Amino acid sequence: MFFDEGQRVAVLTAQPLGRPLDYLAPAGGCHQGAYVEVPLGPRKVLGVVWGEGAGDFDIAKLRAVIRVLDAPPMREEMQSFLTRAADYTLTPMPAMLRLATRAPGLGLPPSMRRIYRRGEGLPERMTDARRRVIETLENYGGLAFTLKELAEMSGVSTGVVKGLVENGAVREEESPRDLPFPRLDADHAGKRLAEDQDAAAARLREGAAARRYGTTLLRGVTGSGKTEVYLEAVAETLRQGRQALVLLPEIALTSEFLTRVEARFGARPAEWHSGATMTERRRIWRMVAEGNAQFVVGARSALFLPFQDLGLIVVDEEHDTSYKQEEGVLYNARDMAVLRASICDAQVVLASATPSLESWANAEAGKYTRLELTSRFGEAVMPEMRSVDMRTESLPSNRWISDVLQNAVRARVERGEQALLFLNRRGYAPVTICRACGHQIGCDHCDARMVEHRFQNRLVCHQCGESKAKPERCPSCEAEDKLAAVGPGVERMAEEATALFPEARIATLSSDLFGSARALKQRIEEIAAGGADVIIGTQIVAKGHNFPNLTLVGVIDADLGLQGSDLRAAERTFQLMRQVAGRAGRGARQGTAMLQTYQPEHAVIRAILSGDEEAFWRAEAAERQQAGMPPYGRMAGIILSASDVQQVFDFGSELARRDGPLRRIGAQVFGPAPAPIARIRGRHRVRLLVKAAKGAPLQAALTAWLAQFKLPGDVRLAVDIDPQSF
Ligand code: ADP
Ligand code: ZN
């Protein structure tokens with residue numbers, strides 16, 4: 001739709017107003033979906049022309065749109081996606097819009113469109129600062145940056161960059177108008193697929209060729225070659241002239257994936273993630289909108305990119321909890337992918353070795369097509385699974401690696417193979433306790449214990465990131481030299497492993513031990529190439545990376561995730577343990593996974609060992625169904641926070657008392673109870689849980705319910721539809 005100058009238009013702004021406001025179309029008119037700048041009070045803000053103005057505000061008094069920004073207009077599809085996503089997650093529209101306009105510099109003045117890239121020459125005089133600039137440019141393989149970005153990323157002043165321009169080592173260019181991405185060739189180099197892969201790929205190709213909505217759950221054991229299979233769906237999508245998006249949980253660690261894409265299509269996809277530079281994001285945003293980026297791999301926020309013709313969304317490792325955004329707009333990228341695809345007639349592929357119970361149930365119910373890969377690709381076979389009964393292992397205190405596991409590690413190291421010791425806990429020790437008075441050192445701002453990080457020589461709060469030096473004296477009883485580290489973290493495991501295997505090269509992989517995602521990625525590549533014998537790692541090693549020479553996985557504490565009352569604990573532990581174990585034996589030799597546990601007869605541990613996944617899910621499903629819990633019932637969390645603990649509890653109780661609108665749909669309220677994170681950055685948090693039957697109009701009831709209240713004091717409220725823990 002086009003609006004002539006002076007016509008009434010509704011503009012949705014990214015400011016927290018809730019609904020579109022009326023303005024007059026600017027000189028030259030504007031299209032629906034145009035990105036515009038409008039006056040709002042004394043300010044100028046970014047907005048989108050949402051449609052025809054509908055208000056009855058006196059047209060003579062309306063203010064006019066200031067200007068139309070130089071960006072491709074938002075497509076109607078995107079407008080409906082944002083509207084429906086907002087309705088589903090009960091998010092105010094402006095917050096939703098912010099997700100879609102994160103293209104930085106949408107309205108950048110032309111003067112800022114000067115970019116810098118690597119030139120031919122080398123400077124006559126090389127300094128440290130100059131070297132850093134050149135390294136930044138070379139590390140980013142040909143990308144260009146603005147002056148400020150390049151200087152910041154290299155940790156130098158802009159003067160250093162300008163100096164390099166003078167002697168030709170850096171090239172300055174005018175207005176790139178953003179370079180298109182290299183074309184991908186769907187038929188560049190197809191891999192020969194195994195029989196079961198081929199059958200699955202054929203089904204996915206059919207889906208992509210049909211150009212309509214459909215979701216497929218691609219379940220394949222670790223190492224079965226799911227990636228190769230869904231890349232065939234990408235290929236068909238490209239042949240159809242449509243765009244493809246692959247979401248990955250650890251986008252920072254994707255170099256292996258990118259290499260595989262390049263091998264298959266002859267060029268790399270666009271990479272969208274928080275580590276990307278502003279220039280790069282701006283480029284992707286525009287290229288995606290103009291159809292000049294055919295294939296994007298990204299973090300969950302890539303779902304809000306302005307695709308021109310999106311034909312396929314792959315959610316890889318679809319069970320991964322990082323798909324749920326837990327701050328700002330609370331959404332699950334897996335569910336939003338399905339919503340977005342249904343609006344734009346696209347296919348969704350949910351890939352996992354250990355699907356979420358939600359997706360499993362949808363496949364059972366016939367809503368999703370189910371494809372299975374039941375064996376590893378090529379020679380590789382599934383690892384042998386064993387438990388180590390820790391009740392019969394009499395380990396001295398402060399030791400966590402059992403004799404059985406030790407011997408197994410030693411045997412691998414002697415054979416020149418790699419072993420992984422897995423412990424899902426960062427730092428040195430989770431608790432620092434005073435041996436004189438029993439005091440445990442906690443965070444000053446949260447309800448969390450401080451975790452000792454010995455490499456940094458600090459105590460760190462894993463909730464808010466606050467850190468402090470380890471005190472000499474107990475802060476409570478002032479006793480000297482009595483503070484003791486209790487329990488293991490990966491750093492402590494590395495210490496134990498160094499003592500046990502002095503000949504081995506030991507690598508510790510934990511996100512906090514690396515300054516940047518790039519450094520971590522580089523280390524992972526070194527290790528994959530044989531640069532370590534024993535790897536000690538947290539869950540970052542569980543995610544999809546291939547260590548071909550790794551034949552042993554030892555899980556230090558398989559019971560860790562089973563503690564606590566979370567109903568999803570079983571599902572989570574099962575997924576994580578199967579994923580970690582799946583790192584073993586992906587090459588020619590069979591792998592072994594050893595789970596150290598104090599409860600070898602626990603149903604979940606037994607299911608992990610037996611590998612009878614179908615039985616596990618059936619049992620889990622039956623339990624949830626019985627309890628009316630998701631995915632067989634609906635849940636929402638209401639998180640209240642305030643600086644005053646009494647106030648937040650009182651308000652929570654009031655919400656629970658006046659629950660008429662919820663009762664009318666048969667829903668129940670539980671709580672208020674301390675939220676899973678009960679205090680963070682000085683704010684107290686309580687949670688109410690609302691539980692409803694599967695088909696109940698939960699969002700409408702929640703809206704009516706919450707409309708009854710005004711937030712007192714500094715109380716803040718967030719609605720969490722489909723919470724991760726319950
Ligand atoms: P998954 O994601 O299912 O764990 P991957 O897609 O990572 O499995 O595949 C496991 C390994 O097998 C990778 O190294 C991959 O390159 C290889 N592979 C899978 N399928 C093929 C194929 N058809 N031809 C050659 N190599 C393959
Ligand atoms: Zn804290």
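Visitor: How many nonpolar, polar and charged residues make up the shell around ligand 1?
Guide: The model is predicted: local features need pLDDT of at least 70, side-chain atom pairs count only at pLDDT 80 or more, and totals for chains, interfaces and linings use all residues. Residues are numbered from 1 along each chain as its sequence is written, while chains are lettered from A and ligands numbered from 1 in the order in which they are written. Ala, Val, Leu, Ile, Met, Phe, Trp, Tyr, Cys and Pro count as nonpolar, Asp, Glu, Lys and Arg as charged, and the others, Gly among them, as polar. By that scheme the shell holds 3 nonpolar, 8 polar and 4 charged residues.

Visitor: Which residues come nearest to ligand 1?
Guide: A residue is near if its C-beta atom, placed from the backbone, lies within 6 Å of the molecule. Around ligand 1 there are 15 residues. Those that come nearest are G225, K226, T227, E228 and F377.

Visitor: Which helix gives the largest share of that shell around ligand 1?
Guide: Helices (H or I, at least four residues) and strands (E, at least two) are DSSP runs, numbered from the N terminus. The largest share is 3 residues. They come from helix α7 (residues 226-239).

Visitor: What is the bridge partner of R219 in β16?
Guide: Strand β10 (residues 214-220) pairs with β16 in the parallel sense, over 5 bridges. For R219, the partner in β16 is E372.

Visitor: At what angle do α1 and α10 pack?
Guide: Axes are lines fitted to C-alpha atoms, for helices over the stretch in contact, and angles run from 0 to 180 degrees between N-to-C directions. The axes of helix α1 (residues 76-89) and α10 are 10 Å apart. Their contact residues divide into 5 nonpolar, 1 polar and 3 charged. The angle is about 140°.

Visitor: Which residue in β6 does T13 stand opposite?
Guide: Strand β2 (residues 8-13) and strand β6 (residues 43-52) run antiparallel. 5 bridges join them. T13 stands opposite G47.

Definitions and conventions
Pairing = 2+ DSSP bridges.
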